[in-house]
Amino acid sequence: MGITVAETLDDALGAVADRPGAQVLSGGTDFMVEVNFGQRRPTDVVALRRVAELRGFHRRNGSVELGAGLTYSRMQQPEIADLVPALAQAARTVGSPQIRNAGTLGGNLGTSSPAGDTLPVLAALDASIEVASARGRRTLGLDELIVGPKQNSLEPDELIVGATVPVASGPQEFLKIGTRNAMVIAVCSVALVVDGEGAPCAARWGPPDR
Ligand SMILES: Cc1cc2nc3c(=O)[nH]c(=O)nc-3n(C[C@H](O)[C@H](O)[C@H](O)COP(=O)(O)OP(=O)(O)OC[C@H]3O[C@@H](n4cnc5c(N)ncnc54)[C@H](O)[C@@H]3O)c2cc1C
C-alpha cells in the first residue's frame, strides 16, 4: 500500500490528482473501521492529518470558516463553541475522548452518514461546503454534497476543504437520541438555531431505515 503524507493542501490535491483511486485518510475513525471489517481495501492512501491549512478556523465578519481537519476536541473549545455553540454540543456527544481527538469535520462529511452528528448542525446553519481539486474550487450546499445515505457528490480528485457557517446571533441547541446515554450512534438528532436577525430554522437528521 502506498501512503502519501501531505504537508500542504496543494500537496494533497496534487497527490489525489496524480494517483487515481487514491483514498483520503483524515482521522481514520471511520476509514480504519471499514478497513478492519474488510469493507475498504485501499492500495493508495493520501493522509491529510499534517495539512495545517485544514486544521484551523477563521472568523470573517459574520461567518466562521471551519477547516475540514478540525477535530471534535477542538470544536468543543471555547474559541469555536462561542461562535457555533450547537457544533460544540454535537462534538461533545461524539464517541470517546480518543475518537474526539482524531475524528474530524471533513471525515464526518466525507462519510456522509445520516447519523453524522455535525450534519444537522450544518444543515440548520445552511452551511456552505468548500471542496477543491487541482482543477479548482467549488462551493456546495449540504444537500448538494450529501446525495444519499453514505453517498456524496465528490469527484475522485476532490477534497473537502471546510464549511462556512454564520456566527451565532441567537440561541442554538443540538440534541441526540441513541440507544443509550453515551458513546452511541444517533437514532435521531436535531439542531435548532435561532437566527436573531431572521426566522428560526430547524433541521432533523436521522437514519432513514429506522
Ligand atoms: C467508536 C466510534 C464512535 C463514533 N461515534 C460517533 C458519533 O457519536 N457521532 C458521529 O457522528 N460519528 C461517530 N463516529 C464516526 C467517526 O468518528 C466520524 O464520522 C468522524 O467525523 C470521521 O472523521 P475522520 O477524520 O476520522 O474521518 P476518516 O475516517 O479519516 O474518513 C472518513 C471518510 O471521509 C473521507 N474524508 C476524510 N476527510 C476528507 C476530506 N477532507 N475530503 C474528502 N474526503 C474526506 C475519507 O476518505 C473517508 O471516506 C464514531 C466512530 C467510532 C470508531
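Is Arg-50 buried or exposed? Arg-50 counts as exposed, at 52% relative accessibility. The views below are taken from a predicted model.

**View 1. A salt bridge joins Glu-7 and Arg-50.** The closest N and O atoms of the two residues are 3.2 Å apart. Glu-7 is partly exposed, with a relative accessibility of 42%. Arg-50 passes the cut-off for exposed residues because its value of 52% is over 50%.

**View 2. β1, β3 and β2 form an open sheet of 3 strands.** The strands follow the order β1-β3-β2 and pair in parallel. β1 (2–5) and β2 (23–25) stand at the edges; each has a single partner strand, so one side of each lacks a neighbour in the sheet. On average, neighbouring strands are turned by 25° against each other, direction ignored. The parallel strands β1 and β3 are joined by 4 bridges. Within this pairing, Thr-4 has Val-46 in β3 as its bridge partner.

**View 3. Thr-43 is in contact with Met-1 and Gly-2.** These contacts leave aside the neighbours of Thr-43 within four places in sequence. Thr-43 is found in the loop between α2 (31–36) and β3 (44–47). Its C-alpha atom is separated by 4.6 Å from that of Met-1, although the two residues are 42 residues apart along the chain. Thr-43 is exposed, with a relative accessible area of 60%.

**View 4. Asp-44 and Arg-19 form a salt bridge.** The closest N and O atoms are 2.0 Å apart. Asp-44 lies in strand β3 and Arg-19 in the loop between α1 and β2, so the pair, 25 residues apart, links distant parts of the chain. Asp-44 is buried at a relative accessible area of 16%, whereas Arg-19 is partly exposed at 21%.

**View 5. Asp-117 forms a salt bridge with Lys-176.** Here the closest N and O atoms are 2.6 Å apart. Asp-117 is in the loop between α8 (105–111) and α9 (119–124), while Lys-176 is in strand β11 (residues 172–177). The two residues are 59 residues apart and link distant parts of the chain. Asp-117 is buried, with a relative accessible area of 6%. The count of salt bridges in the model comes to 9, among them the pair of Asp-117 and Lys-176.

Note on methods: Residues are numbered from 1 along each chain as its sequence is written. This is a predicted model: local features need pLDDT of at least 70, side-chain atom pairs count only at pLDDT 80 or more; totals for chains, interfaces and linings use all residues. Side-chain values use heavy atoms; hydrogens and water are left out. Buried means under 20% relative accessible area, exposed over 50%, partly exposed in between (1.4 Å probe, protein chains only). Contact means heavy atoms within 4.5 Å. Two strands pair if DSSP finds at least two bridges between them. Axes are lines fitted to C-alpha atoms, for helices over the stretch in contact, and angles run from 0 to 180 degrees between N-to-C directions. A salt bridge is a side-chain nitrogen of Lys or Arg within 4 Å of a carboxyl oxygen of Asp or Glu.
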